[in-house]
2 protein chains.
Amino acid sequence: MTPPPAGKRGPGRRPGESGTRQAILDAARAQFAAHGWDRATVRAIARDAGVDPALVLHFFGSKAFLFAAAMRWPFDTDAAVEEVLSGPRSQLGERLASFFLSVWEDPQRREPIMVMLRAATTNAQAAELLRETLMTVFLGPLGSRLEVPDPELRMSLCSAQLIGLGTARYIVAFEPLASLETERVVELVGPALQRYMTGEL
Amino acid sequence: MTPPPAGKRGPGRRPGESGTRQAILDAARAQFAAHGWDRATVRAIARDAGVDPALVLHFFGSKAFLFAAAMRWPFDTDAAVEEVLSGPRSQLGERLASFFLSVWEDPQRREPIMVMLRAATTNAQAAELLRETLMTVFLGPLGSRLEVPDPELRMSLCSAQLIGLGTARYIVAFEPLASLETERVVELVGPALQRYMTGEL
């Protein structure tokens, strides 16, 4: 078999497609971060990427799928599950709090979660996306490894505590919670998460 | 002294002012509920109320103050503090959870809190407003009545748990949390609130 000439690609791929795709994703990320779910438009994203809006939809199908593709989850979820599970079982809650805070303390890493959360408060499709992402890639796998009854219930309670912690500390900035050292926050919130994960409910 | 003629008012008040003010508040409430903080505009509110935008600003000073005036807190905060405090101290957390859920279960009553929360995720001024409102009118007074060390810290932790519960159950709709009976949610979340309110931290 003779290899295809250099630069030749298979059907359905055109030269420069991956560059165009990346330009759309970069534009989408900037638009969603700056304007939120509601005000970011496919039209503006296409303009910033220098392409036709129809091409954006051809590549990504809808604004929701584009959003999902652009807002990459800001951590390696498999590694995160292992990190939370590794160590004494009595400190699962503290490790989950500690991991969560390590992501949110970094403005670059918390930005995609904040954008998703903002979007979820105004748009049912975005809420579904956050729910599916968080449950499918992180909390679901973590819960299934705990060997406890009702893992989904436990994980939904953890998600409530964590979303509230993120919102209260980093978005609404309730004091003194917003100014505490992360180690202290882990001590304060860890036991609540521990009970949700392994306690009698 | 002769009373002023009927219909005459003091300086700075014009006939119909309270009706106009009410029309602006009604228009603002509808605009903020429908479009959120960011997209609701003073111009659109003025148009719906049938007045000039300058009059809106004359009455309310700014979009933030208009928002605060329009989004009335959906419960009697003094009565709420008494309700949570009345009963066994060991069930403070359950009563706070129960009260919170009674407000959020009613779509009419949760709407203003959801609008404030949405606004807070996109706008620092709105975040400050939510923070001040919640702390000044409800959680602050409640905390000061608990006779515990660090009441502000405890109340900011309660606010994190409650905001997260509201978001996870009613906005993002994490299952099975979103579908549970309220009595069960009280059992599940009450102990975490109890520890934040009165436990060793």
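A salt bridge here is a side-chain nitrogen of Lys or Arg within 4 Å of a carboxyl oxygen of Asp or Glu. By that criterion, B:Glu82 and B:Arg145 pair up at 3.0 Å, N to O. The model is predicted. Searching the whole structure gives ten salt bridges over all chains. Three of them are described below, including the B:Glu82 pair.

**Chain A: A:Arg169 and A:Glu105**
- A:Arg169 and A:Glu105 form a salt bridge, with their closest N and O atoms 2.7 Å apart.
- This pair links distant parts of the chain, 64 residues apart.
- A:Arg169 sits in helix α9 (residues 151-171), while A:Glu105 lies in the loop between α6 (92-104) and α7 (107-122).
- A:Arg169 counts as buried, because its relative accessibility is 5%.
- A:Glu105 is partly exposed, at 36% relative accessible area.

**Chain B, distant pair: B:Glu82 and B:Arg145**
- The side chains of B:Glu82 and B:Arg145 meet at 3.0 Å, N to O.
- Here too, distant parts of the chain are linked, 63 residues apart.
- B:Glu82 belongs to helix α5 (residues 77-85). B:Arg145 is in the loop between α8 (124-144) and α9 (151-171).
- B:Glu82 is partly exposed, with a relative accessible area of 37%.
- B:Arg145 is also partly exposed, at 42%.

**Chain B, within one helix: B:Arg184 and B:Glu187**
- B:Arg184 and B:Glu187 form a salt bridge at 2.8 Å, N to O.
- Both residues are in helix α10 (residues 182-198) of chain B. They are three residues apart, so about one helical turn separates them.
- B:Arg184 is partly exposed, with a relative accessible area of 25%.
- B:Glu187 is partly exposed, at 45%.

Note on methods. Residues are numbered from 1 along each chain as its sequence is written. Chains are lettered from A and ligands numbered from 1 in the order in which they are written. This is a predicted model: local features need pLDDT of at least 70, side-chain atom pairs count only at pLDDT 80 or more; totals for chains, interfaces and linings use all residues. Side-chain values use heavy atoms; hydrogens and water are left out. Helices (H or I, at least four residues) and strands (E, at least two) are DSSP runs, numbered from the N terminus. Buried means under 20% relative accessible area, exposed over 50%, partly exposed in between (1.4 Å probe, protein chains only).
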